[in-house]
Amino acid sequence: MGSVTCNPLAPPSTRLLLNPLKIPKFCHSRRQLHGSQRASKIIAYYGLKTPPYKLDALEPYMSKRTLEVHWGELHRGYVEGLNKHLAKDDVLYGYTLDELVKVSYNSGNPLPVFNNAVQVWNHDFFWESMQPGGGDIPKYGVLEQIEKDFGSFTNFKEKFIEAALTLFGSGYVWLVLKREERRLAVVKTSNAINPLVWNDIPIISLDMWEHAYYLDYKNDKGTYTNVFMNHLVSWNAAMSRMARAEAFVNLGEPKIPIA
Amino acid sequence: MLIKFLLSRQNALEPHMSKDTLEYHWGKHHRAYVENLNKQIVGTELDGMSLEDVIIVSYNKGNMLPPFNNAAQAWNHEFFWESMKPGGGGKPSGELLELIERDFGSFDRFLEEFKSAAATQFGSGWAWLAYKANRLNVDNAVNPFPSEKDKKLVVVKSPNAVNPLVWDYSPLLTIDVWEHAYFLDFENRRPNYISVFMDKLVSWEVVSKRLEIAKARATKREMEEERRKKEEEEENSEDEAVEVYVDGDESESE
């Protein structure tokens, strides 16, 4: 029942050839009621994505109870909140979650849907940034890039842990590929902010909201962060995200990305 | 102080706030803020200032200096413990209740607003009931007709370590909505925590006491301002008098 006056959803191939991925315009759809005024309203909605492992698979580093509360209640709550916003507002229809995050960030003056949308994105990303039997060190291209941008893997790990320990209040720590600078960096963000809003590409994230670690580690952020780096972080996920990112960011001489 | 004695018996607020929570919240989080603050200010000009002054100075009009987080959190937590007591809850009385009814309509409406502020503070932070004397944010601005009615009770929420002292309000009551305050007892169910706090823990006597102090301070400030204004006026009028004679025609002055 709606017609869209601008089209941020141009076919992907044209978009890639013509210009780099840019923040889509916030466009309005005008509703045209064709005579019969049927109450068929198009509603977009998101489902709660399950982590790629069972809820007890990260024991003993992250307990099943934490997953039950963090994923089953908090993450689910964000999804439901997001869907409630989408049900009310047809202007938001048609965006992918990535685009919705960027659009609702609105250059720093976020719309009400932002918190829910970005937290859904953040948590989907966080679950996938971990795996049972994680930790250790990355291999191939990811390791090379880390060594190039941080000097050594140990230096990167130190920077990451330092960021986690010095973050005040709620937030996340990210390994991110900076688009303009064409390099990896560690950034920490407050509350729900996500590097997508600066057009950078997240590679790994660590949830530093207290709800992520309080049941298992109480106030001991240091142990939680170290356990994440040593036993949980999924470098496999990082590899596949880097591979995709290399399609958008030229990291050096053209080569077949082996990520 | 009474609350410190109670905290040393950390099961004093059971079953509404568990011993475990107090052990970590007071024994680890609060303690760390105090210790880290001391480390940060020793030997600097902030050493020896009152905690409230340290907060205002390090808030630096929003461009916070390093000691701010620790100083404000140390203050906030002490204020928070003192806002509670075993067997608390119920309703306020006396002047506090009158002002609440005047500024919010009814006690229930106040309760709704306070609970909503606490529940919707996104991320870490605090919710407050504060007394706001009518002061404009411009240095030489003056309310031409100040009256008791301009001084209001307000509900505000603040992120991370910020507290209403930096806005020149007088805080009366606070609830800590950092997740560490309720996660062990309520997991993610923040609204339940808020309800239990209001129904079973709040110490209205302490809040009333704070209101008295806040009002007295506001009145004293007003009197000082008036006095200062009068002094300025007198100085100005003296100057004017001198000028007139200097400019006067010499022949006429005789």
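Predicted model: local features only at pLDDT ≥ 70, side-chain atom pairs only at ≥ 80, totals over all residues.
Local features are reported at pLDDT of at least 70 and side-chain atom pairs at pLDDT 80 or more, whereas totals for chains, interfaces and linings use all residues. Residues are numbered from 1 along each chain as its sequence is written, chains are lettered from A in the order in which they are written, and side-chain values use heavy atoms, without hydrogens and water.

At the interface, 19 residues of chain A are in contact with 19 residues of chain B (heavy atoms within 4.5 Å). The buried area (accessible area, 1.4 Å probe, lost on putting the two parts together and summed over both) is about 1,900 Å², and carbon and sulfur atoms give 61% of this value. On the chain A side, the most area is lost by A:Phe168, A:Glu210 and A:Tyr214, which together account for 35% of what that side buries.

One salt bridge is counted between the chains (a side-chain nitrogen of Lys or Arg within 4 Å of a carboxyl oxygen of Asp or Glu). A salt bridge joins the side chains of A:Arg65 and B:Glu187, at 2.5 Å from N to O. Helices α2 (64-88), α4 (113-128) and α7 (210-217) of chain A each supply at least two residues of the side touching chain B (helices being DSSP runs, H or I, of at least four residues, and strands runs of E of at least two, numbered from the N terminus). The largest share, 5 residues, comes from α2(A).

Chain A also contains an open antiparallel sheet of 3 strands in the order β4-β3-β5 (pairing requires at least two DSSP bridges). Its edge strands are β4 (183-190) and β5 (201-207). Strand β3 (residues 171-178) pairs with β4(A) over 8 bridges, and A:Trp174 stands opposite A:Val187 in β4(A).
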